[in-house]
Amino acid sequence: VVSQVAAGDTCPSGQFSKSGQCCSLCPAEIRKCGEEDTKCAACPQGTFSASEGLGPCTPCAKCPPSIPTLASCTTTEDTQCECDSDFFFLGNFSLCAPCSYCGRGQGIIRECGPKGDTLCQRCSPGTFSEAPRSTKPCQVCTKCSDSEVEIRACMANSDTLCMDKQLHILSRPRLDETSNASRWPNMEDVTKEEASPAPGTPRFTAEDEGGSSNILAYVSVLAAVVLGLFIYVGYKCWRSCKQKRALSKARAAELSASPEGEKLQSDSGVFVDSHSLHDNQTSKGTNRDSKQDNRLYVNLPPHKQEEVERLLQEGGGRGWRQVGAALGYEPEQLDLFGRGEAPACTLLSNWAQKEGSTLGALCSVLAHVERPDVVTALNRPAQGVSVV
């Protein structure tokens, strides 16, 4: 047994007879090793053996009725069935299966066909295959020429990578060449420089032209946006000026209709406030009709507004809150005004921004809430001033 184990490395079949002799391998035939050496015999009909060994013969495959028989079974080859292109006959399952492909770094050693599926083998040194799905053998690696430098050696999955020696743009020129260089370049050098621009200079290609067109498109869009913004700002300014002009015209018409501020010139050269004269003429018996006063509250003098707000703020049961309710404000809005320090000022300032906020309307509301003292303060005439 020890001798058999010791001689196992030199026995191709790995089996020994009882006498210790290495069993010989049989070609495509029946083989049996027992007390003596292997006795080989031809495979019986209906079986075959495609390789040498000691195993039994394999039964021959049978083509299905739908697949025609291309070659009958022999002692060394199985039955060959005719499948369509890119298919091979799979005898274990009695059907046509799609052919396999060799992967990257592998080459074909037997094409797919009647004899079976594709057989692939890894590319040996000096050959390569870069295709991920290949049906060709490995190709011979490229060798770099004398004017080229090898950047990467050939591998099973990629060819040799070479680069021209003159493309070393990072190398510095030698001192003797720079010192002996002429001051003015000749025409041949200029032609070469124009044909191949120096490193670092911009070079326009088809891709650069496409990028330039994209930049022009972006600049055009940006210019359109800026132009639209200028038009919008100009329109807003024009509209604002138009509104200001309309407001100034309305105020001018209001001031021209109001007796306050008018000056009358007498023959003696004395200027008298016409509102003062009017108040002096009507102070004896009648009061002005406050309902006909179309002056805006916002144009009331500041000291007059402060007096009205103070009276409403200091009022008892009928103060600014009742006036706000009469002006149409909701309780929630009045509660919001009441949170501030001067709710009467907040109320009247907010109301003055609305349309129809005239002194006549305010006097009507004050009369409705029984605040004649505030009405009197509103209609109290200002002191006339005379200048000689």
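Predicted model: local features only at pLDDT ≥ 70, side-chain atom pairs only at ≥ 80, totals over all residues.

Residues are numbered from 1 along each chain as its sequence is written, and side-chain values use heavy atoms, with hydrogens and water left out.

**Exercise 1.** Determine which residues of helix α9 are buried, and what covers them.

*Solution.* Step 1: helices (H or I, at least four residues) and strands (E, at least two) are DSSP runs, numbered from the N terminus. Step 2: buried means under 20% relative accessible area, exposed over 50%, and partly exposed in between (1.4 Å probe, protein chains only). In α9, which spans residues 343-352, the buried residues are P343, A344, L347, L348, W351 and A352. These residues lie on the same side of α9, because they cover an arc of only 165° around the axis; the arc is that of the directions from the helix axis to the C-beta atoms. Step 3: among the elements covering them are α6 (302-314), α7 (320-326), α8 (331-338) and α10 (359-368).

**Exercise 2.** Describe how α6 packs against α9 and against α11.

*Solution.* Step 1: two packed helices are described by the angle between their axes and the distance between the axes. Axes are lines fitted to C-alpha atoms, for helices over the stretch in contact, and angles run from 0 to 180 degrees between N-to-C directions. Angles under 35 degrees count as roughly parallel, over 145 as roughly antiparallel, 65 to 115 as roughly perpendicular and the rest as oblique.

Step 1: for α6 and α9 the angle is about 125° and the axes are 8 Å apart. The two helices are therefore oblique to each other. Their contact (heavy atoms within 4.5 Å) involves V308, E309, L312 and Q313 of α6 with P343, A344, C345 and L348 of α9.

Step 2: for α6 and α11 the angle is about 175°, with the axes 10 Å apart. This makes α6 roughly antiparallel to α11. Here K304, E307, V308, L311 and L312 of α6 meet D373, V374, A377 and L378 of α11.

**Exercise 3.** State whether S158 is buried or exposed, and name its contacts.

*Solution.* Step 1: S158 is found in the loop between β13 (148-152) and β14 (161-164). Step 2: its relative accessibility is 5%, so S158 counts as buried. Step 3: leaving aside neighbours within four places in sequence, S158 is in contact with F128, E130 and R152.
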